[in-house]
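Subject: Structure handover

Hello,

Here is the structure you will be taking over. Please open it first, then read the notes below it.

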Amino acid sequence: MVGLPGSGKSTVGRHLARKLGLAFVDSDNRIEQRLGCSIREFFELEGEQRFRDIEVDEIAALTQIAGCVLSTGGGSVLRAENREHLRGRCKVVYLRSSPDELYRRLRHDRNRPLLQVADPLTKLRDLYAERDPLYRETAHYVIETGRPSVAMLVNMIAMQL
Ligand code: S3P
């Protein structure tokens, strides 16, 4: 699962895994276990690029696991190695949401380091403009998340795979 923060990668991914009888793996959770602190704290202490290096390592390892649903961090597609590993080894689903919809979902969320800025909506629009082409380049399937419920999204994805 790839997509911007708040697009539902973890929620939809967890339900999809249950439906398909597969394990669910979240790359951000794995990274937090490895770091022993939250990603937000790590961003503050070490900066984004150091986080991206660790993310490359984790995605390289996690994309080797057969038979699981993997939810990735929203910025994973920024690094070419991740895009190659994901597209080459996995069936990649892009959960597409508009920046305005994401803003509605995330405006009270304090755990997304990139959105702790004065104007998160503009930030989401910028992230969307930068990343939407990268998600599309990486993904085998694009799923629109606007209206359908989680259960409907899971069924739509399961039918495509
Ligand atoms: C990031 C998204 C986060 C997390 C990190 C960076 C991003 O994951 O990997 O804070 O660059 O968009 P979610 O997409 O699960 O919020």
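**Overall fold**

The protein chain holds eight helices and four strands. Please keep in mind that this is a predicted model. Along the sequence, the elements follow the order α-β-α-α-α-β-α-β-α-α-β-α. The radius of gyration is 15 Å, close to the 15 Å that the globule rule gives for 161 residues, so the protein chain is as compact as a globular protein of that length. Along the principal axes, its C-alpha atoms fill a box of roughly 40 × 35 × 25 Å.

Two percentages round out the overview. Of the 161 residues in the protein chain, 34% are buried. Among contacts with a separation of 6 or more, 73% are between residues 24 or more positions apart.

**Strands 3 and 4**

Strand 3 covers residues 93–96. Strand 4 covers residues 141–144. The two run parallel, and four bridges join them. Val93 stands opposite Tyr141 of strand 4.

In a regular strand, side chains alternate between the two faces of the sheet. In strand 3, Val93 and Leu95 point one way, while Tyr94 and Arg96 point the other way. All four of these residues are buried.

**The annotated binding site**

Which residues does UniProt place under "binding site"? The unreviewed entry gives Gly6, Ser7, Gly8, Lys9, Ser10, Thr11 and Arg112. I looked at three of them in turn.

- Ser7 is in the segment before helix 1, which spans 9–20. Ser7 counts as buried because it has 23 C-beta neighbours inside 10 Å, and 20 or more is the cut-off. Leaving out residues up to four places away in sequence, Ser7 touches Leu95, Ser97, Leu102 and Thr145. Leu95 is one of the buried residues of strand 3.
- Ser10 is in helix 1. Ser10 has 15 other C-beta atoms within 10 Å, so it is partly exposed. Not counting residues up to four places away in sequence, Ser10 touches Asp26 and Ser71.
- Thr11 also lies in helix 1. Thr11 is partly exposed because 15 other C-beta atoms lie within 10 Å.

**Helix 8**

Helix 8 spans residues 150–160, and Val154 is found there. Is Val154 buried or exposed? Val154 counts as buried because it has 22 C-beta neighbours inside 10 Å. Val154 touches Val12, His15, Leu16 and Lys19, again not counting residues up to four places away in sequence.

Val154 and Thr122 are 32 residues apart along the chain. Their C-alpha atoms are separated by 30 Å.

**Where to look first**

From Leu95, look along strand 3 and across to strand 4, which runs parallel to strand 3. Finish at Val154 in helix 8 and trace its contacts, among them Val12 and Leu16.

Best wishes

Conventions
Residues numbered from 1 in each chain as written. Predicted model: local features only at pLDDT ≥ 70, side-chain atom pairs only at ≥ 80, totals over all residues. UniProt positions renumbered as here; feature names shortened; annotations may be inferred. Buried ≥ 20, exposed ≤ 12 C-beta atoms within 10 Å, placed from the backbone. Contact = placed C-beta atoms within 7 Å. Pairing = 2+ DSSP bridges. Rg over C-alpha atoms; globule rule 2.2 N^0.38 Å.
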